[in-house]
Amino acid sequence: MTNTLFEPVRIGRLDLPHRLAMAPMTRSRATAGSGLVSELTAEYYEQRATAALIVTEGTQPRVRGQGYIQTPGIHTAEQVAAWRKVTDRVHAAGGRIFLQLLHTGRVGHPYLYPDGGLPEAPSAVASGESLFTDDQGLLPHPVPRELTADDIGGIVRDFAAGARNAVEAGFDGVELHGANGYLIHQFLSGNSNRRTDDYGGPAENRVRFAVETVRAVSEAIGAERTALRISPGNDANGVAETDTAELYAALLAALAPYPLAYLHTLEAHPGLRDVTEQVRRGWAGPLMLNSAHHGGGDPVEDAARLVAAGTADVVALGARWLANPDLLARARAGGPYNEAEEATYYGGDHRGYTDYPALAPQEAALAPREAAVAPPAATAAG
């Protein structure tokens, strides 16, 4: 039977009422230095509680995990308490929410760290990118410090501690960020991982850090509360994969023993659809897909096609949820949709954050019900 966008689906311990999730999006509105989310953040996520599942912005499980200004943490008691206000409001509004745990690895800078030390990474290879700052402009990422085996074990433990903190803060689960050229992806990619020990070399070794992290977090909070995000073939932040098919086949095989809540794939450009289909075939559990190109058309219509084709069980949208806090109602009504204001994506106040208007009741009543998202024949979107 063909699934549709508005049918329920179970992931882990959660029964989702539909298939439109909110993708993780960095918004850079946490307090500088302390990494605390605010009442404004709680309002932002509460407004979007009708998402099938909210996945939060990337949140660092340790100080050295930070890669951008004003991003939140989950490694202090104050940060846990601040996040608790967010989850309480989302749950009171009937929503479900996972925290995304992110260590950015070499995508960092001494500017961000109280001790002024170097960022940490699999190998001493710079990203080639820069950190944006409010007071010093762009600061090129330095050559990072290469992690020792003991360092790696400490980071794995910090991911597990961050997951326990997330559950204490009221989150329904956590998503590990293994995509977009950040630390887990840096271990996966051959050009950023030049190690010669058990964590480098062949694909079976390069997936080790990802698998050890998944295992540690699953043991800490349960596999049914644990998810992983990947972006096969994505060259963000200077990573480059030369063996994508082999690499992700090895990763999926190594992850098979862990019944994760879901696997989240970011499809960075249209040419990666074959890789997405490979992941779909190789992963037995629920698959969430964030298709960055949206097939060149409307993101909601594309999401409907992806679900109908069986390419994904859940589709995560970013800018559509950012600009439309009532996206579910708009999708059911066939639109119209607010357009996101890119100038307010990162940092700032409520503008471009909590002030996007909801669909007026009269507009919802007059709009054709579900006209824009009726699923076509079960073929993958191009």
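Which residues does Pro-17 touch, not counting residues up to four places away in sequence? The contacts (heavy atoms within 4.5 Å) are with Phe-6, Glu-7, Pro-8, Ala-52 and Arg-96. Pro-17 itself sits in the loop between β2 (14–16) and β3 (20–22), strands here being DSSP E runs of at least two residues, numbered from the N terminus. Its relative accessible area is 37%, so Pro-17 counts as partly exposed (between the cut-offs for buried, under 20%, and exposed, over 50%, with a 1.4 Å probe and protein chains only).

A quick word on the ground rules. The model is predicted, so local features need pLDDT of at least 70 and side-chain atom pairs count only at pLDDT 80 or more, while totals for chains, interfaces and linings use all residues. Residues are numbered from 1 along each chain as its sequence is written, and side-chain values use heavy atoms, with hydrogens and water left out.

Now for the nonpolar cores, meaning sets of buried Ala, Val, Leu, Ile, Met, Phe, Trp, Tyr and Cys residues joined through side-chain atoms within 4.5 Å. The largest has 81 residues, and Tyr-45, Trp-83 and Phe-209 have the most contacts inside it. Leaving aside residues up to four places away in sequence, Tyr-45 touches Met-22, Ile-54, Thr-56, Glu-57, Trp-83, Val-86, Val-90 and Ile-97.

On to the rings. There are 9 aromatic pairs in the structure, where rings of Phe, Tyr and Trp (its six-membered ring) pair if their centres lie within 6.5 Å, with planes under 30 degrees apart called stacked, over 60 edge-to-face and the rest tilted. Tyr-44 and Tyr-45 have ring centres 4.8 Å apart and planes at 65°, so this pair is edge-to-face; both residues are buried. Phe-98 and Tyr-262 make a tilted pair, 5.6 Å centre to centre with 40° between the planes. That pair links distant parts of the chain, 164 residues apart, with Phe-98 in strand β5 (residues 97–101) and Tyr-262 in strand β12 (residues 262–267). Phe-98 is buried because its relative accessible area is 1%, and Tyr-262 counts as buried at 1% too.

Ring pairs also link Tyr-44, Tyr-45, Trp-83, Phe-171 and Tyr-353 into a cluster. Over the ring of Tyr-353 sits the charged end of Arg-29, 4.4 Å from the ring centre (the criterion being NZ of Lys or CZ of Arg within 6 Å of the centre and within 35 degrees of the ring normal).

Notes: Helix = DSSP H or I, 4+ residues; strand = E, 2+ residues; numbered from the N terminus.
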